[in-house]
Amino acid sequence: MRLLLIEDEKKVASVVARGLRAESFSVDVAHDGDAGWEMASGVDYDLIILDLMLPGMSGTELLRRLRLSKRNAAVLVLTARDATADKVANFEAGADDYLTKPFAFAELVVRVKSLLRRPPANPTHVLCVADLELDRLTQQVRRAGKRIELTSKEYALLEYMMAHVGRVLSRTMIIEHVWDESFEGLTNIVDVYVRHLREKVDEGHARKLIRTVRYSGYCLSEEEGEPA
Ligand code: CA
């Protein structure tokens, strides 16, 4: 099991690394956020122990980038920040566990072992089609790295289309999945919402991802031309 410890307090880092090596883990150490990101994005670690307040890139930013790049290493946040808001923000950014300083080494070890016993975190929580990204955990959508604000229905529609990338979806299928079964309005509500989505997702981009399939419905795809 290969671990990465990102911690700028050198004394803490050396004590934790030594202790984990004594437990037979292979441990790499980074002392700032940028070096940590370089290592975390270059190697498939099983687990990363991450401090939040770091010189260079912050721990939270590193975590967010890690999840966007689909690295599935378990992440245990180890920090002096004990506010609920910090915990919530970091779990939302993709943390698997959170331990506040000061901590007992024995507790860190059982948490590390417990995380390593779990199957890898759901790797599909970020959906990507071309440069469009949708994070099911934070419900954030980005195109070319830029945040797109969506209403909850627009989000649900986009998520459904991205989860079925390349498939033609009829208005009826979309109604059934995005609106609830009691919906009795007109199916042209779909056309209205797709138009809104297009304005937010495709407008201003050379490559259009949302396509109308005549007589059939809609298809979200990065391929050019008619869908199969
Ligand atoms: Ca620190």
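These notebook entries record what I looked up in the structure above.

**Entry 1. Basis.** I note that the model is predicted, that local features need pLDDT of at least 70, that side-chain atom pairs count only at pLDDT 80 or more, and that totals for chains, interfaces and linings use all residues. Residues are numbered from 1 along each chain as its sequence is written, and side-chain values use heavy atoms, with hydrogens and water left out.

**Entry 2. The sheet.** I took helices (H or I, at least four residues) and strands (E, at least two) as DSSP runs, numbered from the N terminus. Two strands pair if DSSP finds at least two bridges between them. I found an open sheet of five strands with parallel pairing, in the order 2-1-3-4-5. Strand 2 (26-30) and strand 5 (97-100) are its edge strands, each pairing on one side only. On average, neighbouring strands of this sheet are turned by 20 degrees against each other, direction ignored. For such angles, axes are lines fitted to C-alpha atoms, for helices over the stretch in contact, and the angles run from 0 to 180 degrees between N-to-C directions.

I then looked at one pairing in detail. Strand 4 (residues 74-79) pairs with strand 5 in the parallel sense over four bridges. In this pairing, Val 77 stands opposite Tyr 98 of strand 5. Helix 5 (residues 105-117) packs on the sheet and touches strand 1 (2-6), strand 3 (47-50), strand 4 and strand 5. Contact means heavy atoms within 4.5 Å. The direction of helix 5 makes about 175 degrees with that of strand 5.

**Entry 3. Thr 79.** I next examined Thr 79, which lies in strand 4. Buried means under 20% relative accessible area, exposed over 50%, and partly exposed in between (1.4 Å probe, protein chains only). Thr 79 counts as buried because its relative accessibility is 0%. Not counting residues up to four places away in sequence, Thr 79 touches several residues, among them Asp 51, Met 53 and Tyr 98.

**Entry 4. The calcium ion.** Which protein residues are donors of the calcium ion? I found Asp 8 (OD), Asp 51 (OD) and Met 53 (O), lying 2.1 to 2.4 Å from the ion. Donors are N, O and S atoms within 2.8 Å of the metal (3.2 Å for Na, K and Ca); water is not among the atoms, so sites may look incomplete. The spacing of the donor residues in sequence is D-x42-D-x1-M. Asp 51 is buried at 3% relative accessibility, whereas Met 53 is partly exposed at 40%.

**Entry 5. Aromatic rings.** My search of the whole structure gave one aromatic pair. The rings of Phe 91 and Tyr 98 have their centres 6.3 Å apart and their planes at 35 degrees, so the pair is tilted. Rings of Phe, Tyr and Trp (its six-membered ring) pair if their centres lie within 6.5 Å; planes under 30 degrees apart count as stacked, over 60 as edge-to-face and the rest as tilted. Phe 91 is partly exposed at 37% relative accessibility, and Tyr 98 is buried at 8%.

**Entry 6. Backbone.** Most residues other than glycine have a negative phi, and most peptide bonds are trans. I noted a cis peptide bond between Lys 101 and Pro 102, with omega about -5 degrees. Pro 102 lies in the loop between strand 5 and helix 5. Ala 144 has a positive phi of about 50 degrees, and this residue is exposed at 53% relative accessibility.
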